[in-house]
Amino acid sequence: MDDTARPLRRPEASAAVEHLGWRYLLARFHTGVAVGSPAEAVDVTATAVRAAGPAAEGHLRADLRPGRVLLSLQDAALANVTSVDVDAAARITTALLAAGREADPAVGGRPRSEQALELAIDALDIPAVRPFWKAVLAYDDEPGLDGPTDALVDPLGQGPAVWFQQMDEPRPQRNRIHFDLCVPHDEARRRLAAALDAGGRLVNDGRAPAFWVLADAEGNEICICTWQGRD
């Protein structure tokens with residue numbers, strides 16, 4: 001395999017772009033750019049597209065909002081990032097700076113940091129329930145992962161990914177669907193503290209910093225996740 005097409009391991013992916021104002025979340029690079037109007041959002045996006053260049057054709061995704069442009073990079077065929085995405089992130093950051101803009105993941109500040117949401121469904125028989133969720137959400141298989149227990153993704157990139165967690169026995173007194181919120185590794189502890197201050201409770205931190213399991217006052221669960229502790 002050409003080294004430029006090699007999926008990066010989580011630690012090297014994060015380290016490669018952190019100084020550029022991007023963060024690694026769920027096998028994708030993310031950043032944001034503050035803007036003052038939809039017209040500025042269009043200009044920022046055009047700058048990013050030009051800077052990404054033909055080498056990153058199909059890797060760049062832009063979500064234009066009146067106050068912020070959300071940018072992400074990923075090799076869609078691999079469902080992962082490679083050195084091509086690192087180079088594209090560097091070119092985009094440089095071009096934005098030249099235009100008086102900043103690639104900013106907003107860690108620890110306002111607006112909230114870049115993040116990525118997944119929906120986890122606990123199931124005793126994953127192959128039996130997966131087709132339902134694929135159909136009702138009109139989701140697709142993740143590239144290269146079309147097995148009967150693999151995750152599902154929104155083909156338009158608008159909704160959260162859905163993955164399935166194997167259960168060994170029924171858990172009637174516990175919710176069977178929970179959220180996985182992937183945040184930048186340097187945002188996780190601030191978000192954890194904020195959730196606890198807001199009335200949440202820590203259910204389990206045995207796998208931290210890969211994830212912390214939290215629950216609200218009625219026991220509904222969410223995991224705060226990072227890339228760390230997984231490689």
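Is Tyr 24 buried or exposed? In this predicted model, Tyr 24 is buried, at a relative accessible area of 6% (buried means under 20%, exposed over 50% and partly exposed in between, with a 1.4 Å probe and protein chains only). Residues are numbered from 1 along each chain as its sequence is written, and side-chain values rest on heavy atoms, without hydrogens or water. Because the model is predicted, local features need pLDDT of at least 70 and side-chain atom pairs pLDDT 80 or more, while totals for chains, interfaces and linings use all residues.

The structure contains 2 aromatic pairs (rings of Phe, Tyr and Trp, the last by its six-membered ring, with centres within 6.5 Å; planes under 30 degrees apart are stacked, over 60 edge-to-face and the rest tilted). Tyr 24 and Phe 29 have ring centres 6.2 Å apart and planes at 65°, so they form an edge-to-face pair. Phe 29 is also buried, at 0% relative accessibility. The rings of Phe 132 and Trp 133 are likewise edge-to-face, with centres 5.2 Å apart and planes at 85°; here Phe 132 is partly exposed, at 49%.

Phe 29 turns up again in the largest nonpolar core (a set of buried Ala, Val, Leu, Ile, Met, Phe, Trp, Tyr and Cys residues joined through side-chain atoms within 4.5 Å). This core has 28 residues, and those with the most contacts inside it are Trp 22, Phe 29, Leu 71 and Ile 92. Among the elements giving two or more residues are helix H1 (10-18), strand S2 (28-34) and helix H3 (83-98) (DSSP runs numbered from the N terminus: helices, H or I, of at least four residues and strands, E, of at least two). H3 supplies the largest share, 6 residues. Beyond its neighbours within four places in sequence, Ile 92 is in contact with residues including Trp 22, Leu 60 and Leu 71 (contact means heavy atoms within 4.5 Å). A second, separate core of 9 residues includes Leu 119, Ile 121, Val 162 and Phe 164.

Helix H5 (residues 188-197) has Ala 188, Arg 191 and Leu 192 as its buried residues. Viewed down the axis of H5, these fall within an arc of 105°, so they line one face of the helix (the arc is that of the directions from the helix axis to the C-beta atoms). Arg 189 and Asp 197, on the other side of H5, are exposed. The buried residues of H5 pack against strands S9 (177-182), S10 (201-204), S11 (211-215) and S12 (221-225). Just after H5, Gly 199 has a positive phi of about 105°.
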